[in-house]
Each structure stands twice: as C-alpha cells, then as structure tokens.
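This report looks at aromatic rings and at charged side chains placed over them. Please keep the sequence and the structure below in view while reading.

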Amino acid sequence: DSTFRLCKELTKITIPDEVTSISEAAFFGCYELSEIVLPDSIQIIGKQAFSRCLKLNNVDIPNGVTDIGITAFAHCQSLTEISIPDSVTEIGNGAFAGCISLERVKLSDGLTEIIRGLFQRCVALTEIKLPDKINKIGNSAFAYCRNLTAVEIPDGVTEIGDQAFAQCTALSELKLPKSLTHLGSLALWDTKITKLALPDGVTTLSERALKGMPELTELTVGAGLTEICAGALADCPKLDKIIFGGTTAEWKAVSKASGWKTPDNIITDLFVECADGTLEYIW
C-alpha cells in the first residue's frame, strides 16, 4: 500500500512480470506520471491505485485483470480513453470519477452492475455502450456528464439509482428497457429529455423520481401504475401530457401523494390521456 504515494516527480514506470496485484494508493498523487506499462500477470488494481495521477493519459489494462478497486483511476484528468477487458467482473465505486478528459470507454462484457459514481463528472464523455449483462445502474453513476447525449439501457436492468443521470444537461435520448421496475430519486434531474416512456414494470413513481426535468413535455406510464410519491413530477414546468395505459377509473385509483406535481413554475395545465377518456388538472 502507498508504495509510491505522492512521488510527485515520477514520470514513467514499468511493472515487472509476475506482479499480480497493485495495492491501495500505490501510485496515488503521482502528478507527473504519464506512462505506465502493466504486465499480463496483473489481476487486481487496488483502491486509489492511480488516483490523482493528473498526467496519466493512457493505460492498457491487461486481459486477466478481474478487479478494479474503488476510485482506482479517479481524477486522472488527462486520461482520454479506457478499454476494460472482459475478464473484469468487479469495478469499485467511482473508479473513473472526475476523469474530465475521458471521451471513449469500452466496458467489460463481464460486468453485471454499473457501480455508484463510476463515471461521475466525466464531462468529456459523449456516448457509452452498456454491457448486455448489467442489471443495475447505481447512484450517481453518470451524474454531471454534461456532454452525454444519448443512452440505451439494455434489457435486464431492473433499477436505475438516485441521481444516476443527474445534470447530464445534454442528455436528450434515453431508451428504458421493459425490465425496469425502479427509477431512483432525481435520476434524470436537469436533463434535456422531452418525452419519456416508462415500462409497465414501473408500478411506483418514487419520491422526486422525475423532479426537475425542465424540458419534459410528455410522459407515458403503464396501466400497472399504483402510486405516485411526493414530488415525483415536481418542477417539470413544460409537462402537460401524461399518457396512461389504463382507464380513467384506474388513474383515479392511483395513490397520489400531496405535492406529487407541485405548481412551482407550472404555467400549463396537465392532461391525462387514458384508454377511455382524458382528465384535466388545473394548477
């Protein structure tokens, strides 16, 4: 642990063959380190191993690495691309958080979860392909990726965590899978999405789930919706249409918390189109 921590003049290192693990904070804060060669024997890259290596612009992660630790490459501000081999099955929270120059990412097909804060504040990231096997996108996974424009969530994902795409201010296209059952608080806060269709498996709009979507005009929800929690649609000033898959009677039976759509900044009425008619809410 911390073997070369804060060696501020170190510029290059070659890790010899047969080394299998780089432990916690081994190269943390090596601000001038721009090049590193990892051997094929490496299996584990530990917590904070290369965190805050500000000039590290390229790293080849060998096939055979299985585990990348918490914040392992966080705040590597010069890192422009990363390819994670399919041997990697575990990536720790915030492993690439704050990599502000990161533009291109290839993720391991072995991943089953996009962990909390994985790409938080990767402001240069414009697109990403998510592995087919993932079942969850964690809290703040892509928060503040302000140049991310479109994301397709693969089938099999059941949960999108709190603030997962918060302040992705260029995000205008988001395709949600039929498997989705939970959308966390402020998951799409301050995005540019104008129309959103939630799959039938989402039976509850959780508290503040779609709060603060300034461009949202139309929301489609399934007939299985049973509950809308407090603030679920708050501060969506342009939202004037909800398309509900059930009848007007079924919509009226949906439990709606006080303040489910607060009137702050609301200048339009809200129409709910049901299978047998339309209801109007006047704020």
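## Two buried phenylalanines

Phe-73 and Phe-96 are both buried, in what is a predicted model. Together these residues form a stacked aromatic pair, with 5.5 Å from centre to centre and 0° between the planes. The pair links distant parts of the chain, since Phe-73 belongs to the loop between β5 (67-68) and β6 (81-83), while Phe-96 belongs to the loop between β7 (90-91) and β8 (104-106), 23 residues apart.

In total, the structure holds 9 aromatic pairs. In one of them, the ring centres of Phe-4 and Phe-27 are 5.1 Å apart and the planes meet at 10°, so this pair is stacked. Because Phe-4 is found in the segment before β1 (12-14) and Phe-27 in the loop between β2 (21-22) and β3 (35-37), the pair ties together parts that are 23 residues apart in sequence. Phe-4 has a relative accessible area of 32% and is partly exposed, whereas Phe-27, at 3% relative accessibility, counts as buried.

## Charges over rings

Two further contacts involve a charged side chain and a ring. The charged end of Arg-121 sits over the ring of Tyr-144, at 4.0 Å from the ring centre. The ring of Trp-251 has the charged end of Lys-256 over it, 4.7 Å from the centre of that ring.

Technical notes
Residues numbered from 1 in each chain as written. Predicted model: local features only at pLDDT ≥ 70, side-chain atom pairs only at ≥ 80, totals over all residues. Heavy atoms only, no water. Phe/Tyr/Trp six-rings, centres within 6.5 Å; stacked < 30°, edge-to-face > 60°. Helix = DSSP H or I, 4+ residues; strand = E, 2+ residues; numbered from the N terminus. Buried < 20%, exposed > 50% of the residue type's maximum accessible area, 1.4 Å probe, protein only. Lys NZ or Arg CZ within 6 Å of the ring centre and 35° of its normal.
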